[in-house]
Amino acid sequence: MDTAFYSTQLIPALNRGLIMSVKLIIPSGLIGLMLGIVIGTLRTFGHPVIRKVANAYATVFRGTPLVVQLFLLYFGLPNLGIYLDAYTAAVAGFILCSSAYHSEHIRGGLLSIKKGQLLAAQSMGFSTFKTMSSIIVPQAVRRALPGCGNEIIYLIKYSSLAYIITCIELTGEGKIIATRTFRYTEVFLVIGFYYLVMVTMASFVLQKLEEKFRIPGFGKV
Amino acid sequence: MTEQKPPILRVENICKILGGKEILKSVSFSLNKGELKVLIGPSGAGKSTLLQCINFLIPPDKGHVWLEGVEVQSRRKRDLYAFRQQVGMIFQDFNLFDHLNALENVSIALRKVKKIRRPEARDRAVAELERVGLGDKKYLYPAELSGGQKQRVSIARALAMDPKIMLLDEPTSALDPELIGEVLSVIRDLAQGGMTMILATHQIGFTRSLADEVLFMENGIIIEQGAPEELLSPDACTRSRDFCSRLNELYAENE
């Protein structure tokens, strides 16, 4: 086996790409989830006009391919005088897309909370906002967590689309080497392994989160 | 009751149409400080709707509510929230916050609504839980409590807000017969401690012994109103008396 290829070319390049991937995934995952919570809540309990706007947002970003969104952000926005660098455009695209999916999981969680708790909070003088932030959303997020975790795992993998708009991350670095050396099989097997490790670590963290936020009386006995 | 003082709560001309059906047809009554009024009547009479109209959880189509002589401006959010803090409400199905333990259920409104700091809110919550006999259950979650205990937590939660009046919407209707007693005894202590309350219930014995006045509701109006001795005495020819004896028969059959 050609170990020099791995140790001097492939692994250093992929590690460099991995760092970029992590830089894309972490902010996109966190901000995407938070934005998803806000949008999901607005879609469920918002003023009718805001609800329509939030629903339209979800329809657009769930209904169009991520590649299209990325191209429009990176190559389309300059037509309006807005220039985003490749990294910013990629993160923005991931946030917009994943928040639209998160919002649907959150909406499911919100709909599963009985209206009585809302009434109880309001009967004690909670404002609508505080009812949401202290009572309803914390429970909805717990119920949405498995679905949102799924979306975050999916995000780890679709972060590989960033190289299409010249933000060279894990897949991009690998692709460059594969094209140059024509060793597609080895390169993409190793890339696949990198993603598998990332997803396994993310699953572990998500599982710990679920355990931490488990409420007695729900789920596992 | 002295007549000089204005009633603590006055409700006038409350009307509500829900789903094309007239649920409340101009209901009016008032409540003096320290009084316990009991709302009885068949299900569908509008008792729950009336109670929820009083604190605007269901906004009434028409009507006015006065607390201590001041009309509640329900359209002004700030006034509405301030009013609701003074009116405790107990629900038939408890409505505890599932993600919080008993202690947090009682203290959360103190912290988030009354802006009381965490340690003080906690102390107050502990005191209220002890008052309803649940000092040893403070770290249990709603799913770990019995129905009677849940309802007592919800009473503690309402009391922690120092309400001027309490609205109790069939607080024992979702409980097993052997758990009703523990909740009624908490309500009895409150009544004897001078809490002003309006209670919707089917507990006739309890009504007879503690109510200052009985309001009998049917089809969205109060059709009879008076002291329990008058309305519910065995030789009274009232609609209330009729209804209660039918309830008693039902219970006798079940036993």
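# Notebook: chains A and B

**Entry 1. A hairpin in chain B**

I began with B:Leu215 and found that its bridge partner in β10(B) is B:Gln225. The model is a predicted one, in which local features need pLDDT of at least 70, side-chain atom pairs count only at pLDDT 80 or more, and totals for chains, interfaces and linings use all residues. Residues are numbered from 1 along each chain as its sequence is written, while chains are lettered from A and ligands numbered from 1 in the order in which they are written.

I noted how the elements are named: helices (H or I, at least four residues) and strands (E, at least two) are DSSP runs, numbered from the N terminus. Two strands pair if DSSP finds at least two bridges between them. β9(B) and β10(B) have 5 bridges and pair in the antiparallel sense. Together they form a hairpin with 2 residues between the strands. In the turn, B:Asn219 has a positive phi of about 50 degrees.

**Entry 2. The sheet around it**

In what order do the 6 strands of the open sheet in chain B lie? I read the order as β6-β7-β8-β3-β9-β10, with mixed pairing. At the edges are β6 (87–90) and β10 (221–226) of chain B, each of which pairs on one side only. From one strand to the next, the twist averages 20 degrees.

I then checked two parallel pairs. Strand β3 (residues 36–40) of chain B runs parallel to strand β9 (residues 213–218) of chain B, and 4 bridges join them. B:Lys37 has B:Glu213 as its bridge partner in β9(B). Strand β7 (residues 165–169) of chain B pairs in the parallel sense with strand β8 (residues 196–200) of chain B, over 5 bridges. Here B:Ile165 stands opposite B:Thr196 in β8(B).

**Entry 3. B:Cys15**

I found B:Cys15 in strand β1 (residues 9–18) of chain B. Is B:Cys15 buried, exposed or partly exposed? It is partly exposed, because 16 other C-beta atoms lie within 10 Å. The cut-offs are 20 or more other C-beta atoms within 10 Å for buried, 12 or fewer for exposed, and in between for partly exposed, with C-beta atoms placed from the backbone.

I counted two residues as in contact if their C-beta atoms, placed from the backbone, lie within 7 Å. Neighbours within four places in sequence aside, B:Cys15 is in contact with B:Leu24, B:Lys25, B:Ser26, B:Pro60, B:Asp61, B:Lys62 and B:Gly63. I also looked up B:Cys53, which is 38 residues from B:Cys15 in sequence and 9.0 Å from it in space, C-alpha to C-alpha.

**Entry 4. Chain A overall**

Chain A has 8 helices and 0 strands. Its C-alpha atoms fill a box of roughly 70 × 50 × 20 Å, taken along the principal axes. Of its 221 residues, 38% count as buried. Among contacts in chain A with a separation of 6 or more, 75% are between residues 24 or more positions apart.

Two packed helices are described by the angle between their axes and the distance between the axes. Axes are lines fitted to C-alpha atoms, for helices over the stretch in contact, and angles run from 0 to 180 degrees between N-to-C directions.

Helix α1 (residues 3–45) of chain A and helix α7 (residues 170–181) of chain A cross at roughly 155 degrees, and their axes come within 7 Å. α1(A) is therefore roughly antiparallel to α7(A). Angles under 35 degrees count as roughly parallel, over 145 as roughly antiparallel, 65 to 115 as roughly perpendicular and the rest as oblique. The contact residues include A:Leu10, A:Ala13 and A:Gly17 of α1(A) and A:Gly174 and A:Ile177 of α7(A).

Helix α5 (residues 115–123) of chain A packs with helix α6 (residues 128–158) of chain A at about 135 degrees, the axes being 10 Å apart. This pair is therefore oblique. A:Gln117, A:Leu118, A:Ala121 and A:Gln122 of α5(A) make the contact with A:Thr131, A:Ile135 and A:Ile136 of α6(A).

**Entry 5. Where the chains meet**

How many residues of chain A are in contact with chain B? I read 20 residues of chain A against 23 residues of chain B. α5 and α6 of chain A each supply at least two residues of the side that touches chain B.
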